[in-house]
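Please keep the sequence and the model in view while reading.

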Amino acid sequence: MTVFQTPEGFRLLPGYFDPGAQAELVKAVLDGVAASPLYQPAMPRTGKPLSVRMTNFGPLGWVTDKDRGYRYEPVHPVTGEPWPAMPQVLMDLWEAETGWSDPPEACLVNWYEAGARMGLHVDNDEKAVNAPVVSVSLGDKARFRLGGPTRKGATASFVLSSGDVVVLGGEARRCHHGVDRIYPGTSRLLPPDWRPGRINLTLRRVNP
Ligand code: SIN
Ligand code: FE2
């Protein structure tokens, strides 16, 4: 039996954003999503749709489709418009928690509805391979899974709640991770006239 050892550079910051700060952040995110709508990405080659809907903020956005696969683009694949600006509070989070000399270039917005999940993967499309990845959870709770550098290694799972921040730096930057499931109806943060579920914001530096 292999025992899971938390990789160096992994940090979970529970309740980083208090309920008031979460509400302000959600407002900024929903404004951005209104301008830059969630779209349904597709896996490279197979074209199989992802269960998570996506958009981005910042100069670059992570996108995927059947023909051209995973990559960063300066414009929305459906509207052709540049991504909206990254909310200042996310720039501040990045600076405070990474100390990285350059600002994040991409904020991927993932929306999980009931039944959505994200398979184990390594974030591997950035040229800035050593810059940490910072992610924020908003809305329903989720079961996050963390593994090691190889797909077959031991994993551990834990629950992420609204307002939690995860930092993948150091060795954790090259570790597998994913979202097994969300727990529908466990948060009232997202407005009832919007969409229920979970929003995850992932901040990344793309260029060294
Ligand atoms: C991701 O790894 O891209 C998303 C993680 C999450 O939703 O918490
Ligand atoms: Fe990821």
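Two residues are said to be in contact when they have heavy atoms within 4.5 Å of each other. The structure shown is a predicted model.

**The largest pocket**

- The largest pocket holds about 750 Å³ of space.
- Its lining is made up of 35 residues, and those nearest the centre of the pocket are Leu50, Trp62, Met118, Gly119 and His121.
- At least two lining residues come from each of the strands β5 (106-112), β6 (118-121), β7 (133-139), β10 (165-168), β11 (177-183) and β12 (198-204).

**Helix α1**

- Helix α1 spans residues 19-35, a run of 17 residues. From its first C-alpha to its last it reaches 25 Å, close to the 24 Å expected at 1.5 Å a residue.
- Gln22, Leu25, Val26, Val29, Leu30, Gly32 and Val33 are the buried residues of α1. Viewed down the helix axis, these buried residues fall within an arc of 160°, so they line one face of α1.
- Glu24, Lys27, Ala34 and Ala35 are exposed on the other side of α1.
- The partners against which the buried residues of α1 pack are β2 (53-57), α2 (88-98), β5, β7 and β12.

**Helix α2**

- In α2, the residues Leu90, Leu93, Trp94 and Thr98 are buried. Around the axis they cover an arc of only 100°, and they therefore lie on the same side of α2.
- Exposed residues Gln88, Glu95 and Ala96 are carried on the face of α2 that is turned away from its buried side.
- The buried residues of α2 pack against α1, β5, β7, β10 and β12.

- Pro87 is found in the loop between β4 (71-73) and α2.
- Pro87 counts as buried because its relative accessibility is 11%, and buried means under 20%.
- Pro87 and Val29 are 58 residues apart along the chain, yet their C-alpha atoms are separated by 7.7 Å.
- When neighbours within four places in sequence are left aside, Pro87 is in contact with Ala28 and Phe57.

**Arg45, between α1 and β2**

- Arg45 belongs to the loop between α1 and β2.
- With 70% relative accessibility, Arg45 counts as exposed, since that term applies over 50%.
- Most residues other than glycine have a negative phi. Arg45, a residue other than glycine, has a positive phi, near 70°.

**Asn110, in strand β5**

- Strand β5 contains Asn110, and this residue is buried, with a relative accessible area of 2%.
- Not counting residues up to four places away in sequence, Asn110 touches Val52, Arg53, Met54, Met118, Arg198, Ile199, Asn200 and Thr202. One of these, Met118, is also among the residues nearest the centre of the largest pocket.

Technical notes:
Residues numbered from 1 in each chain as written. Chains lettered and ligands numbered in written order. Predicted model: local features only at pLDDT ≥ 70, side-chain atom pairs only at ≥ 80, totals over all residues. Heavy atoms only, no water. 1 Å grid on protein atoms, 1.4 Å probe; cavity = no way out; pocket = protein on both sides within 12 Å on 5 of 7 lines; lining within 4 Å. Points joined across faces, edges and corners; volume = space filled by probe spheres on them. Helix = DSSP H or I, 4+ residues; strand = E, 2+ residues; numbered from the N terminus. Expected span 1.5 Å × (residues − 1). Buried < 20%, exposed > 50% of the residue type's maximum accessible area, 1.4 Å probe, protein only. Arc of directions from axis to C-beta.
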